[in-house]
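Open the model in your viewer and keep the selection panel at hand. The stops below go from a single residue to the whole chain.

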Amino acid sequence: MVLPLQGEFLYSEAAYLVCIVLGRSCRMKTALYESSFRTDLRRLYALGCNTLKNYNLLTNILVTSGFLSQVSDSSHLTAKEHESSDGCLQCTLSVLAHDVILGSKRTANHQLLMRTISSITGDSCSVKKIRQAYQELKNQGVNQTNTADSTLSHSGISDVQLPCYARVNLLLSTLTEVLDELISLGFEKRAHDPVKDSYKRFLKRIRKMKTYQFMLDHHLPEELIVLPPGSKLYQLDIVQSHRLILQDKASCIPPNVLNPIYDGDALDACAAPGNKTIQLVYKLSPKSTLFAVDRDPTRFRRLCSHLVESGVQRLSVHGPVSSNQNAEHGSTQPLVEAICTDFLALEPQDPRFARVQSILLDPSCSGSGLKFRQPDGPNILSVSGKQPCNTADVTDRRDQDDAVERSEQPEQRLKRLANLQAQLLRHAFQFPNVKRVVYSTCSVYSQENEQVVAELLNSFGHLFTLEPIWVHKDQTEHISDNASKPTPSHCPVWENRGLSEYGCLSSPTVTLSKRQKKRLNTYVKRKEIRKEIRKAYKDRRKLRRQCLQKTLLDAVEPPEKLDSSPSLLSRKALQHVPPMSESSCSTKVVIDCAYDHLMSFKDLCKLANQICNCYALNRRFPSPVQLFVTGLGCHNATVDSNSKTDTCSDTRLLDRLRIAGCEKWDINLCNEDYTELFEAKSIVYLCAESPNSLPDCFPPHATGDSTQFSAEDVYIIGGLVDHNHHVGHCYKQAMERGHRTARLPITESGMVLSGRHVLSTVQVFHALAPVLAGCMTWTESLNVAVPPRKTVQAAVSIL
């Protein structure tokens, strides 16, 4: 069936792609690269994956709306119908329905899409019926993703945003050159030291990475770059020229674990598509030979072309490809021999394999570990029994009968795969001079991992020993005698699920004491109730905001206008609020921020958040005060968060405020100190240690008495978050400069605080600004500004 879209191939090719995946039971990426599409592959892949992910919901919608009589798997394209260029009606309508329901309505093809659905279904109200069916199923609580009994089972798989990884191709470039080119393209490098920083902090930094930011990997910093999810790298020249290869981190680990003997030969048993082979090339000497073996002709051709494009200079091909690379004069690379044959067909006693000392084996597996990387899911293989090799192979090595495979149960399939993997690993052990064998899969099942290794160790335990992947930090020496390079000392222990009976423990066994078990149980319980605690905290904040809003609204005249405009202080209404310069309150309130050198980085971030809250509160006052933030240009270093003595960084408060978008705020940001902006006689520094208390009301004009305060004075709030490390610092500095000081009338209002009478910057501003603007009394403002946890007795009106 041909879609009536002239010049638009996205939906027709996406329907064909989905139909091929469902009919042939192959991976999405394999079907994508096996066919010649005219649409952008990234856009096509996204639409196909999202359609497969919501396939059960889409078919239910089509059945409910009456456009499909029943859901049938027999209508999908099979391997024999691969030459067809159109998908079945079921897949076509599913793709179109996906963009109608779950797609964006702002796309340029939306109107054309609606006309196309109407043309195919023959119903002018088809789009309306599809949307009504979606709302009906949504009200019934039907899950949007596939259910367990659907063709593509995604039960237990949630939407996970994983970072993007890119490996530097050291055959064509260096790490420094690649980083410089990325920076020149507008990317920003985030600092991370794998020796000093923990892996937990590394993961936290990944989650906080923004677009066009990157950093080096924690475990492979010499060649692997980490970028945030959704980074578009495939169009960069550095990627198209193969100087930077898009390769997942899990695929980069096996060659580094193998760390082949530098002067010996190596063998990659399942080499295609060749990313691991390229990693092994620059780990061998020019005297070595690297054998790259793969049995599938299609994947073998891709392997050879990938090796040539990635900078392999000495390539000898034994298979259905006639493209040998002659050895260049003075080449520092080993000879790479690409062989198109089954690894089991190789004769270990062949003289050309006599120097093979390192073997990398990444055999066919169930692909169960790819559920987050491949949205079409691993469970699609449980229907057909076909298994991928590495991360994209869908060719069944044993070429079993299709009818038998389709009736195969998952347990039988795992058993068959485990037998095949054991045969391949046993064959690798039979090479006469092999000293290192790395066995890796993309499966999470122990049947394909630990059980296979344990079975082979029973037969070859007298010849081989099982070793940890990388050395623990506390271990001083655990390096093989034939290792070409020392193992990185910063690499952590890799946890496993056992095999301790063979003397191989990735992580040392730790026996927890009673106190440790108690702490662990407490931590688990705290994690379980954290969501409820956060929800309660948000509810309390929401209630406090509502109380503050009601109090401020009650203070505004006339009250009848408030009834007709209940959202006066909402975010939307704030867009029409007059600027601060037009406020009826002309009193100046200053936050003195010349204390960067006394605060840690964390305290600096807290102060920036408090200033943001002060600005938000001031915008919502009926008569906002004239808010100033001074001292932002002071070139004082910030104390490092780990050491509050000598170690300093260049981060300043102004940098944190710029992240929050302070340039767009209706606020006075000044680099100068407050003494350069205001007269000394009008300055009043607010300190908890001051003997003078602020009055209940402020006269409009100054009287000349130093103990009297008016609306013409400038009230300074110290912007210092020190957790009582610098007690009385602001008061001492104000007295040295000869400024008047004052404190909030906390005691006079009847409020009793627990501990010292020192409030945070935002709490002082929250209590002071409404009184200066004439919106509240001290009793009302203090009860709103001071949190209940800090008060023993609330403020009361004293007659």
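Select E13. This residue is buried, with a relative accessible area of 7%; buried means under 20% relative accessible area, exposed over 50%, and partly exposed in between (1.4 Å probe, protein chains only). E13 sits in helix α1, residues 10-24. Helices (H or I, at least four residues) and strands (E, at least two) are DSSP runs, numbered from the N terminus. Now show what E13 touches: leaving aside neighbours within four places in sequence, its contacts are F37, R38, T39 and L44. Contact means heavy atoms within 4.5 Å.

A word on the source: this is a predicted model, where local features need pLDDT of at least 70, side-chain atom pairs count only at pLDDT 80 or more, and totals for chains, interfaces and linings use all residues. Residues are numbered from 1 along each chain as its sequence is written, and side-chain values use heavy atoms, with hydrogens and water left out.

Next, select K200. It lies in helix α9. K200 is exposed, with a relative accessible area of 68%.

Zoom out to the whole protein. Count 26 helices and 21 strands. Colour by burial: buried residues make up 48% of the 799 residues. Then draw the contacts between residues at least 6 apart in sequence; 71% of them join residues at least 24 apart.

Finish with the surface. The protein exposes about 40,800 Å², and carbon and sulfur atoms supply 50% of that area. Accessible areas come from the Shrake-Rupley method with a 1.4 Å probe; for residues, only the protein chains shown count as cover.
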